[in-house]
Amino acid sequence: MELFLSVFFLIYTSAHLYVFLKARAALGFGISAGIPLAVFMLIMSVAPLLVFFSEKYHQDLMARLMSYIGYTWMGVLFLFVCIGGVVDLYHGIIYLISLVSHTKLSYLTPSAKTSFYTPLILALAMAIYGYFEARNVRTEKITINTAKLPHGMKRLKIVQISDVHIGLIVRKRRLKNIIDRVKEADPDILVSTGDLVDGQINGLSGLAELFKEIKPRYGKFAITGNHEFYAGIEHAMNFTRNAGFRVLRGEGITVKDVITVIGIDDQAGGPFRGFKAVSEKALLSPFTKGRFARLEKTGVYEQDTVSGFVEGKEQPVPAEFILVLRHRPIVDKESIGQFDLQLSGHTHKGQLFPFRLITKLSYIIDAGYLDLGGNSALYVNRGAGTWGPPMRLMSPPEITIIELNRL
């Protein structure tokens, strides 16, 4: 965590310096204008810390004000740096061509003002678009055909939410929008794959109760994400349980002989008290060895056989569908074939487009459905909320409907 914060603030401070130098080159301001701008950028550089301490000492108004200003600025700043970097790259290419060809090509390069205003205008436009896109929650739907449903059950509907980040920015209005989408989906099971809460979750009274409006037939299940540990694991778990979720931390449960749900603690909890490190293979083992299969006509249970048949009786239906909940889209290769579907989140699909390149390189898949082979699959949810900047760009928020249809 300390290493992450050190790297983050180093990059963030450097980004502010880059923008300051770009502005000075374009506008040519002196010390009288430079000092106020430098002070503003210094305050924005430490805005995340100001938010943290304001929230810690229950200065809710200050925390919310600084979060909106600071994190909105963060989004604009990083978009500016990304676009400005492309402009600078173009400058560099033209400069190298002119050196190699011994030709003056300065007429092909934009002026300092153009190099500043173009990224600024584009960054502001993209940020405004991203602000509204972050509020437009989409419903994604996948259908999986399976024999692992009880006789007489044609369909089981699982709804997944992930990375809601309830806190200073995602409050009642945005949360209600997400919950309304979930209620419209009418789930049989609701799962939250981590980062339900954000920050230090102070002043969230009344928000957990909104989840109680959702009453799925087979329950609500949740796991920890990294932000549950950052927020304070006990407070986060109390909020999640008050919202009506059963929290699975390195454990599994078979729900009414219909489906088995396995929950794995996020690895960010390693340094924190209460972290439950469990081997995924060991966690799955009780649910995959010595399991029983239902016989469709008699309803009698017989031990699974290698052939899949029990002499003199109907062919048994395979054991329950195994659903693994894991915050990060990391797959234990030894477990492939031992579960049917893993649901994950965490990536936000980069949240702001340029960062999609990072998440795409970091995980086997950063959004959507992936067939892992061995009758196992992975689905990665883009997240319903936002972390940091209250905007999303080319990564709209989502809730996911997973419909299991009986073969």
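Guide: Helices (H or I, at least four residues) and strands (E, at least two) are DSSP runs, numbered from the N terminus. This is a predicted model, in which local features need pLDDT of at least 70 and side-chain atom pairs count only at pLDDT 80 or more, while totals for chains, interfaces and linings use all residues. Residues are numbered from 1 along each chain as its sequence is written, and side-chain values use heavy atoms, leaving out hydrogens and water.

Visitor: How many helices and strands does the protein have?
Guide: The protein has 11 helices and 15 strands.

Visitor: And what share of the residues is buried?
Guide: Of the 407 residues, 50% count as buried. Buried means under 20% relative accessible area, exposed over 50%, and partly exposed in between (1.4 Å probe, protein chains only).

Visitor: How does helix 1 look, and what is its reach?
Guide: Helix 1 covers residues 2-27, which is 26 residues, and reaches 37 Å from its first C-alpha to its last, close to the 38 Å expected. The expected span is 1.5 Å times one less than the number of residues. Just after helix 1, G28 takes a positive phi of about 60°.

Visitor: Which residues of helix 1 are buried, and what covers them?
Guide: The buried residues include F8, F9, Y12, A15 and H16. Their cover includes helix 2 (31-45), helix 3 (47-56), helix 4 (60-101) and helix 5 (112-133).

Visitor: Switching to the surface, which residues form the nonpolar patch?
Guide: The patch is formed by I31, I35, V39, I43, V46, L49, L50, F52, F53 and Y57, with about 890 Å² of accessible area together. Patches are made of residues with over 30% relative accessible area and no salt bridge, where like charges are joined within 9 Å and nonpolar side chains (Val, Leu, Ile, Met, Phe, Trp, Tyr) within 5 Å. A salt bridge is a side-chain nitrogen of Lys or Arg within 4 Å of a carboxyl oxygen of Asp or Glu. Accessible areas come from the Shrake-Rupley method with a 1.4 Å probe; for residues, only the protein chains shown count as cover.

Visitor: What does A208 contact?
Guide: Leaving aside neighbours within four places in sequence, A208 is in contact with F239, N242 and A243, contact meaning heavy atoms within 4.5 Å. A208 and F239 are 31 residues apart in sequence and 6.3 Å apart in space, C-alpha to C-alpha. A208 lies in helix 7 (residues 208-211) and counts as buried because its relative accessibility is 5%.

Visitor: How do strand 6 and strand 7 pair?
Guide: Strand 6 (residues 251-255) and strand 7 (residues 259-264) pair in the antiparallel sense over 5 bridges; two strands pair if DSSP finds at least two bridges between them. V255 has I259 in strand 7 as its bridge partner. The two strands form a hairpin with 3 residues between them, and K256 in the turn has a positive phi of about 50°.

Visitor: What about the phi of D257 and of D195?
Guide: D257 has a positive phi of about 55° although it is not a glycine. Most residues other than glycine have a negative phi. The phi of D195 is also positive, near 55°.
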